[in-house]
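Me: I would like to learn how to read packed helices and chain contacts. Can we work through an example?

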Amino acid sequence: MNILNEWAFVGLFAVMAPVFPALPIVIAWLFRPRKPNVLKSSTYECGVETIGDTWVQFRVQYYIYGLIFLVFDVEMVFLFPWAVAYNEMSLFGFVAGFLFIFLLTDALFYAWKKNALDWK
Amino acid sequence: MDELCTGLCRLMVDSGADAGLAQFLSLLVGVLLVSGVPLLTVILLIWIERKVAARIQDRIGPNRVGPIGLMQTFADLLKLLGKEDITPTSADRWLYNAAPLVSFASVVLIWAVVPFTPFHYGVDLEIGALFFVAVASFGTLAIMVAGWASNNKYALLGAFRVVSLLVSYEVPLVFALLVPVLLAGSMSMLDIVNAQTGMWFVVLSPLAFVIFYVSSQAETGRAPFDLIEAESELVAGFNIEYSGMKFGMFFAAEFLHVFTNGILMALLFFGGWLGPLYYESPLIAFAWLGLKGGVIYLTTLWLRNTVPRLRIDQIMAFNWKFLVPLSIANLIFISAALKVMQEIGWAPRDMIGAGFGELVPTTVVLLLINGAMIIYLLGILRKRGQEARRESQATRAALAHAAADQGAA
Amino acid sequence: MELNAVTIGFAVFTIFTLGGGFGVVTTRNLFQGTIWLMVSLFGVAGYFILLSAPFLAAVQILVYIGAIAILITFAVMLTRSVTRIKARYVRLIPSFIGSLVLFLILLLGITIPIFGGQLPESAPEYVATTRELGTALVDENGFVVPFMLASVLLTAAMIGAIFIARDENA
C-alpha cells in the first residue's frame with residue numbers, strides 16, 4: 001500500500017467515524033416523543049431561574065495553562081522526529097536534543113518559581 | 001487489511017466492475033471491518049463497567065436482562081431510543097448537535113492505527129503514535145464545543161475545567177509516549193510492538209508506563225481525575241444539557257476511550273500480541289493483545305471505583321509540579337543512558353530484531369536508573385505527605401482554638 | 001484533470017480551507033469564528049497529506065486544533081461579553097481594495113520567486129521520512145542551529161507569556 005492509499009483509508013475512516021454515532025441519534029429521532037415546552041427547554045441551572053448571560057468572565061489561570069501547554073506542544077512536535085532518529089544519531093545529535101529539552105525545562109521552572117503553575 | 005483490500009479489489013475488477021469503484025468499495029469494507037471491533041466491544045464494555053463497579057461497591061449490578069445481565073445494554077439502548085431529546089432554546093443548534101458526534105468519532109478514529117495481530121490491522125502509518133495523540137485533540141475540542149454550545153454556566157465552567165485538565169495531562173502523556181518511540185526508533189505501532197520481541201518496554205522503563213497510565217486515566221476523565229462529571233459540584237459538567245441518545249454518545253465515547261487506552265498501553269509497553277505461540281495463529285496473537293489490554297482496562301476500573309476525586313488545584317499541581325518534571329527527567333535519563341551504552345557497544349543500535357540476550361545489559365542499567373528514580377520519588381512524596389498532614393493538623397488546631405475562645409466569650 | 005482520490009481529496013480540502021476562511025470573516029460570534037478557523041486549518045492539514053508529508057499534517061492538527069483552538073477560546077472567554085458584536089465595520093470599499101492589493105502582492109510575490117515563470121512542478125516522487133527529518137534536525141551540517149534557536153524562542157515565548165499574564169500582586 002503506498003502512502004496515499006494508506007491515507008485514503010484513514011480519510012474514509014474519518015468520514016465514517018461520525019456516521020456511527022449519528023445513526024442511533026437519527027433512529028432515536030424517528031421514535032422519540034416530541035413534547036417541548038418553554039420550561040422544559042429552558043437552561044437547566046439547579047432548577048433556579050437563570051440569571052444573566054452565560055458569558056461570565058473566566059479567570060486568567062486557564063489562559064496561562066493554555067499558553068504553557070502550547071509551548072510544550074510545540075516542543076513535543078520537535079522531539080518526535082528526534083526520538084525516531086535516536087538510534088542512528090551520533091553523540092552530538094543526542095546532546096543537541098538534550099539541550100533542547102533542558103532549555104524548556106528551565107522555562108518550566110521559571111513558571112514554577114513565578115507561581116504561574118498555581119491554581120488561583 | 002492490505003491483502004484483503006487488494007484481493008477484494010481484484011475480485012471486483014475481474015467480475016467487471018470499474019477499477020476506481022472497486023478500490024473504493026474494498027477500502028470501505030476494510031474500514032467497516034476495522035471499526036467494527038471498537039463498535040462491538042463498546043456494547044460489552046458498558047456491561048463490564050457496570051458489573052465491575054457494582055462488585056467493587058458490594059452490589060450485584062445488572063442481572064435481570066439475559067444471563068447475568070448481559071443483555072442489559074440492549075435494554076438501555078431501547079430505552080434511550082424512546083427518550084425525548086431536549087435541546088435548550090438558547091443552545092447553538094449546529095455546534096450542540098455536532099459535539100457528541102465528534103467526541104465519539106475521535107475515539108473510534110484511534111482504532112484506524114491499532115494493529116490487532118501482526119497481519120491484521122487497518123493501516124500501519126509511519127506516524128502512528130503521533131496520529132492517536134493528534135486525533136485525541138478533536139475530543140478535547142468537542143468537549144469545549146459542547147460546553148459552549150449548551151449556553152449554560154455550569155456546562156461552560158465544566159468544559160473549561162475539563163479542557164484545561166485534558167491539555168495539561170497531555171504533556172506528561174506525550175513525554176511518556178516518547179520513551180517507547182525512542183526505544184523502538186519508530187512511530188509505527190507495528191514497529192513498536194516488534195521492537196519488544198527481546199524485552200517489553202514496561203521492563204525497560206516502568207516509570208514511563210506509570211506516567212502514561214496515570215495521565216491516560218486523566219485524559220479519559222476517570223476518578224481520581226473525574227472533573228468531567230463532578231456531580232456534586234458542577235451538576236454534571238459539560239454534558240448537563242444533553243439528553244437521550246446524544247448524552248448516550250458522550251458516555252459511550254468515554255467507555256470506549258478507557259478500553260482503547262488499555263489496548264494502546266498493551267501495545268506500547270506490554271508487547272501487544274507477543275506471548276507464547278503468538279506466531280502459530282493470528283487468533284492466539286489477538287487473544288494475547290485482548291488479554292493484556294483487558295487486564296489493564298480492569299485495573300483502571302478498579303482505580304476508578306476506589307479512589308476519591310481530587311480538587312482542581314490538586315490535580316493541576318500534581319500534573320505541573322510532579323508528573324511533567326518527572327516525565328521530562330525520565331526521558332532525559334533513559335535517552336542519556338541508552339546513548340552512552342550504544343556508544344560503548346553494550347546496547348544494540350536497533351531494538352527491532354534484537355534478542356533477549358543482547359538486551360540484558362540494557363535492561364539492567366535502565367531498570368536500575370528507573371528504580372533509583374522511583375525510590376527518590378517515594379522519599380519526596382512521603383515528605384510532601386507529612387508536610388500536608390502537619391499543615392492540616394495546624395489549621396484544625398487553630399480552628400478548634402478559635403471556637404473555644406468564642407465559647408468562653 | 002482526471003478524477004481520482006487525490007483530486008477528490010484536493011477538492012474536499014479546498015472546500016474546507018476556503019469555506020472555513022469564509023466562515024471566519026462572516027460570523028459575528030467569536031467562538032463560532034474559532035471553530036471556522038479550525039475547519040480551515042484542518043483543510044490545510046489535508047493538503048500536507050496530499051503532499052505526502054503526513055508528519056506535518058499531524059503537527060498541524062496537534063498544534064492548531066489541539067492547542068491554538070483551546071488557547072483562542074480561553075482568550076475569548078477572558079474578555080467581557082462580546083458574543084454578538086453590534087457595531088459593524090462598514091468601510092467596505094477601502095477594505096475590499098486593501099485585501100485585493102494584499103492578495104495580488106501575495107500572488108506575485110510568492111509564486112514568482114518559487115516557480116520563476118516556469119510551470120509549477122508536481123510533488124516529488126521521493127518522500128522524506130520522519131527519521132530523516134529527525135536526523136537532519138540535529139546534524140551539525142543540517143539544521144541544528146535553527147533547532148536550538150527554536151528552543152530558545154520557545155523558552156522566551158513562555159517567559160514572556162508568564163511575565164505579561166501574571167497577576168500584579170503575586
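Me: Within what distance do the axes of H5(B) and H6(B) come, and at roughly what angle do they cross?

Reply: Start with the general idea. Two packed helices are described by the angle between their axes and the distance between those axes. Now this case, which is a predicted model. The axes of H5(B) and H6(B) come within 9 Å. They cross at roughly 175°. Angles over 145 degrees count as roughly antiparallel, so H5(B) is roughly antiparallel to H6(B).

Me: Which residues of H5(B) and H6(B) meet?

Reply: On H5(B), they include Val133(B), Ile143(B), Met144(B) and Trp148(B). On H6(B), Phe160(B), Leu166(B), Val174(B) and Leu177(B) are among them. By class, this contact of H5(B) with H6(B) has 17 nonpolar residues and 3 polar ones. Charged residues are absent from it.

Me: Now the chains. How many residues do chain B and chain C bring to their contact?

Reply: The general idea: the size of an interface is often given as the accessible area lost when the parts come together. Here we count residues. Chain B gives 19 and chain C gives 17.

Me: Which helix supplies the largest share of the side of chain B that touches chain C?

Reply: H5(B) does, with 11 residues. Helix H5 (128–149) and helix H6 (153–184) of chain B each supply at least two. By class, that side of chain B has 15 nonpolar, 3 polar and 1 charged residues.

Me: And chain A: how many helices and strands does it have?

Reply: Chain A has 4 helices and 0 strands. Of its 120 residues, 46% count as buried.

Key. Residues are numbered from 1 along each chain as its sequence is written. Chains are lettered from A and ligands numbered from 1 in the order in which they are written. This is a predicted model: local features need pLDDT of at least 70, side-chain atom pairs count only at pLDDT 80 or more; totals for chains, interfaces and linings use all residues. A residue is buried if 20 or more other C-beta atoms lie within 10 Å of its own, exposed if 12 or fewer, and partly exposed in between; C-beta atoms are placed from the backbone. Two residues are in contact if their C-beta atoms, placed from the backbone, lie within 7 Å. Ala, Val, Leu, Ile, Met, Phe, Trp, Tyr, Cys and Pro count as nonpolar, Asp, Glu, Lys and Arg as charged, and the others, Gly among them, as polar. Axes are lines fitted to C-alpha atoms, for helices over the stretch in contact, and angles run from 0 to 180 degrees between N-to-C directions. Angles under 35 degrees count as roughly parallel, over 145 as roughly antiparallel, 65 to 115 as roughly perpendicular and the rest as oblique.
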